[in-house]
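I opened a new page for this chain. My plan was to go from the whole fold down to single residues.

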Amino acid sequence: MGLAYFHADFDVSRHAFQQAAIKSGFALTEVEVSQQAGQALTVCFAEAGDPSSDRAIVHISGTHGVEGFVGSAIQLAVLDKLASKGSSARRIFVHALNPWGMKNLRKANAENVDLNRNFIFSPQKFAGAPEAYKKLNSFLNPKGSGCCEFFLARALALIAWHGMPAMRQAVAGGQYEFEEGIFFGGRQLAAESRAIIAFLQEKLKRARLVGAIDVHSGLGQYGDDTLLVDAASNAADVEVLRERFKDRVSLSLPESSVAYVTSGGLTEGLPKILDRARVLAFVQEFGTYSALKVLQAMRDENRWHHRARRAGQQLALRHSSKAQLLEVFCPADQEWRQKVVERGCSAYMGLEGLIQGVKL
Ligand SMILES: [Zn+2]
């Protein structure tokens with residue numbers, strides 16, 4: 001059953017989301033954030049429930065474009081389940097926060113901005129890169145054609161030298177210097193970021209307790225999920241999430257989890273965006289392949305994308321690096337997909353139950 005929720009491209013996935021949302025009684029709002037070949041690309045917000053409720057749950061897919069096929073499948077499954085289930089909390093689903101990335105099989109948006117490094121609220125912080133990233137830049141973002149370069153041997157040598165947690169942190173924590181590089185957080189708040197901030201601030205004015213899930217993939221054990229909570233969250237919030245989800249919860253630290261400390265992450269930004277509410281937020285991160293395989297796929301696709309863009313090529317989606325990127329973020333394996341949908345639904349239902357039950 002879960003397999004039917006995975007769709008082959010952005011447009012089909014969007015259509016399915018809108019149909020499912022309407023069927024379950026949600027109202028839709030689309031906000032244009034970019035354009036492609038005359039087509040407006042929008043973030044689609046679906047909302048239901050009493051606007052005056054002081055509790056809300058927010059479920060987000062496609063912050064990292066291509067990863068949206070996973071989050072979207074979960075949203076479709078959850079919407080089916082919710083069709084017959086009332087709630088005292090307000091429900092908001094955000095489909096494809098980065099629609100351009102999902103449509104073009106990229107993590108970043110049309111300006112190469114990694115939205116999950118973009119939620120920064122002081123302009124001067126959109127600058128610089130970790131020293132280690134600067135040193136690794138020519139390895140991470142090579143300019144050449146890519147043949148005969150021994151990616152694996154070079155990567156393993158770097159890991160042996162720096163250690164895996166340090167490497168992961170340096171590479172993936174976020175950088176604001178190399179505009180064509182991976183994990184580039186931008187120079188200012190992106191249109192997609194501004195769209196979700198404005199929508200949530202408008203719709204959740206009265207909310208005092210907000211649960212939020214941002215679905216990602218590509219980190220962790222194949223088929224497993226980790227609920228990553230910002231390491232700077234207050235202890236009581238972490239405790240409440242641990243009580244509900246047990247050891248699926250992990251703090252976003254390179255030493256203690258599959259993750260790292262990110263700058264400008266969306267779930268880290270939510271308490272600032274909704275500053276009058278208590279926010280219980282996590283990234284639901286699904287493991288796929290090894291960190292090196294995922295990094296290699298990102299690096300190859302990023303290189304291909306910028307080369308094709310400079311050359312004005314139109315058929316960028318047909319390149320093998322796109323297929324490889326899709327596979328490392330949304331494996332075709334049916335068992336993996338089935339499990340993801342089940343775990344995605346259980347996280348949503350668990351958080352909704354928690355939000356309804358916590359005393360304010
Ligand atoms: Zn992601």
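Below are my notes, in the order I looked things up.

**Entry 1: the whole chain.** I noted at the start that this is a predicted model. I counted twelve helices and eight strands in the protein chain. Next I checked the radius of gyration, which is 19 Å. The globule rule gives 21 Å for 360 residues, so the chain is as compact as a globular protein of that length. The C-alpha trace spans about 60 × 45 × 40 Å along its principal axes. I also looked up burial: 49% of the 360 residues count as buried. Then I turned to contacts with a separation of 6 or more. Residues 24 or more positions apart account for 79% of them.

**Entry 2: the sheet.** In what order do the eight strands stand in the sheet? I read S1-S2-S4-S3-S5-S8-S6-S7, in an open sheet with mixed pairing. S1 and S7 (249-251) are at the edges. Each has a single partner strand, so one side of each has no neighbour in the sheet. Neighbouring strands are turned by 25 degrees against each other on average, direction ignored.

**Entry 3: strand pairs.** I reminded myself that strands of a sheet pair through backbone hydrogen bonds, parallel or antiparallel. S1 (residues 27-36) and S2 (residues 39-48) run antiparallel, joined by nine bridges. Ser34 has Leu41 in S2 as its bridge partner. Two residues lie between the strands of this hairpin, and Ala37 takes a positive phi near 45 degrees there. S2 also runs antiparallel to S4 (residues 90-95), with five bridges. Here Ala48 is partnered by Arg91 in S4. Is the pairing of S3 and S4 parallel or antiparallel? I found it parallel, over five bridges. Ala56 has Arg90 in S4 as its bridge partner.

**Entry 4: helices against the sheet.** I looked at H2 first. H2 lies across S3, S4, S5 and S8. It runs at about 130 degrees to S5.

Then I took H12 (residues 334-357). At 1.5 Å a residue, its 24 residues should span 34 Å. Its end C-alpha atoms are 35 Å apart, which agrees. Which residues of H12 are buried? I listed Arg337, Val340, Val341, Gly344, Ala347, Tyr348, Leu351, Glu352 and Ile355. I wrote the helix rule beside this list. An α-helix has 3.6 residues a turn, so residues three or four places apart point the same way. Last, I checked what the buried residues of H12 pack against: S3 (55-60), H2 (68-82), S5 (209-222), S6 (225-229) and S8 (278-287).

Notes:
Residues are numbered from 1 along each chain as its sequence is written. This is a predicted model: local features need pLDDT of at least 70, side-chain atom pairs count only at pLDDT 80 or more; totals for chains, interfaces and linings use all residues. Helices (H or I, at least four residues) and strands (E, at least two) are DSSP runs, numbered from the N terminus. The radius of gyration is taken over C-alpha atoms; the globule rule is 2.2 Å times the number of residues to the power 0.38. A residue is buried if 20 or more other C-beta atoms lie within 10 Å of its own, exposed if 12 or fewer, and partly exposed in between; C-beta atoms are placed from the backbone. Two residues are in contact if their C-beta atoms, placed from the backbone, lie within 7 Å. The expected span of a helix is 1.5 Å times one less than its number of residues. Two strands pair if DSSP finds at least two bridges between them. Axes are lines fitted to C-alpha atoms, for helices over the stretch in contact, and angles run from 0 to 180 degrees between N-to-C directions.
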